[in-house]
Amino acid sequence: MAKEFKRHDGRKFNELRKMGAKVGIVPNADGSAEFWFEGVKGRTKAIAAVYGPKKMHPQHLQDPKKCTLRCNYNMMSFSVEDRIRPGPNRRSTEISKIIQWALEPVLMIDEYKNMVIDVHMNIVDANASTRCAAINAAAMALAHAGIPMRDMVSSVSIGKLDKQLVVDVDKTEDCVFDEGEGASDIPITFTNNGRMTHIQIDGNIDKKQLMEAVNLAREACKDIYEVQKKALKEVGE
Ligand code: CDP
């Protein structure tokens, strides 16, 4: 019988870190939320603030056919042990674009032509899966802002180390994946109706294992959705 895989923090292969969320944390924004994954060696926490829909300026950026969703992902300098240089970089530009793609399918914003919705996401603490935490916070902030949405979205990262898949990668695991040859990190986003809006595959994985990863993410996203839903309900009370 195969030896049971042991995670460094004692989690089961399909167990998320502890999670938390809060809605309405930025008074000046139209909608806002924070979401965090809390592990034994640190936390990943994202804050999201939504502004809009508002008229797009400068005017030449306006899209007469639809509303523009403009996402901005940023890691605070103090979010990791080695201070991060402030300002945009290639990684944050790419992640911002990916988050836009992950969120857009659930937004019903076609009627807001020539307008823009700005979603600012800041990572306060980074212990891996920051893009997933940012998506989870941003989806709640959009709902809080009253933006019409078909569904909520929830995001989680599935890690693969040789044959073993694990749910919700933390930094210690992420470092192993960076070094391991058969390793990969697969962030996935699902709507609460079980539709995928985003997947990234960093590394190699065969079709069968990819399907397993997708199924693990789908189940994990149900738990994340419950945390988001609870936080959204609490702000309405
Ligand atoms: O954070 P996420 O897993 O979405 O993206 P990543 O690029 O795979 O980064 C994994 C982790 O590396 C981050 O969550 C941070 O903990 C760390 N990192 C860092 O320490 N310094 C950076 N400039 C970028 C990432």
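How far is an oxygen atom of the ligand from an N or O atom in the side chain of Lys 171? The distance is 3.2 Å. The legends below refer to a predicted model.

View 1. Lys 171 contributes a side-chain N or O atom at 3.2 Å from a ligand oxygen. At Ala 128, a backbone N or O atom lies 2.9 Å from an oxygen atom of the ligand. At Ala 126, a polar backbone atom is 3.3 Å from a ligand oxygen. The ligand on its own exposes 510 Å², of which the protein buries 73%.

**View 2. The shell around the ligand.** The residues surrounding the ligand include Met 75, Val 80, Ile 84 and Arg 91. The run Ala 126, Asn 127, Ala 128, Ser 129, Thr 130 and Arg 131 also belongs to these surroundings, as do Lys 171 and Asp 174. By class, the shell holds five nonpolar, three polar and four charged residues. At least two shell residues come from helix H2 (130-144), and at least two from helix H3 (171-179).

View 3. Side chains of opposite charge can pair when their charged atoms come close. Here the side chains of Asp 118 and Lys 54 form a salt bridge, with an N to O distance of 3.0 Å. The model has 15 salt bridges by count.

**View 4. Two cis peptide bonds.** Most residues other than glycine have a negative phi, and most peptide bonds are trans. The bond joining Gly 52 and Pro 53 is cis, with omega about 0°. Pro 53 is part of strand E3. A cis bond also runs from His 57 to Pro 58, where omega is near 0°. Pro 58 sits in the loop between E3 and strand E4 (68-75).

View 5. Asn 114 is located in the loop between helix H1 (90-103) and E5.

How values were computed: Residues are numbered from 1 along each chain as its sequence is written. This is a predicted model: local features need pLDDT of at least 70, side-chain atom pairs count only at pLDDT 80 or more; totals for chains, interfaces and linings use all residues. Side-chain values use heavy atoms; hydrogens and water are left out. A residue is near a molecule or strand if one of its heavy atoms lies within 4 Å of it. A polar contact is a pair of N or O atoms within 3.5 Å; within protein, one must be able to donate a hydrogen and the other to accept it, and residues adjacent in sequence count only if both atoms are side-chain atoms. Accessible areas come from the Shrake-Rupley method with a 1.4 Å probe; for residues, only the protein chains shown count as cover. Helices (H or I, at least four residues) and strands (E, at least two) are DSSP runs, numbered from the N terminus. Ala, Val, Leu, Ile, Met, Phe, Trp, Tyr, Cys and Pro count as nonpolar, Asp, Glu, Lys and Arg as charged, and the others, Gly among them, as polar. A salt bridge is a side-chain nitrogen of Lys or Arg within 4 Å of a carboxyl oxygen of Asp or Glu.
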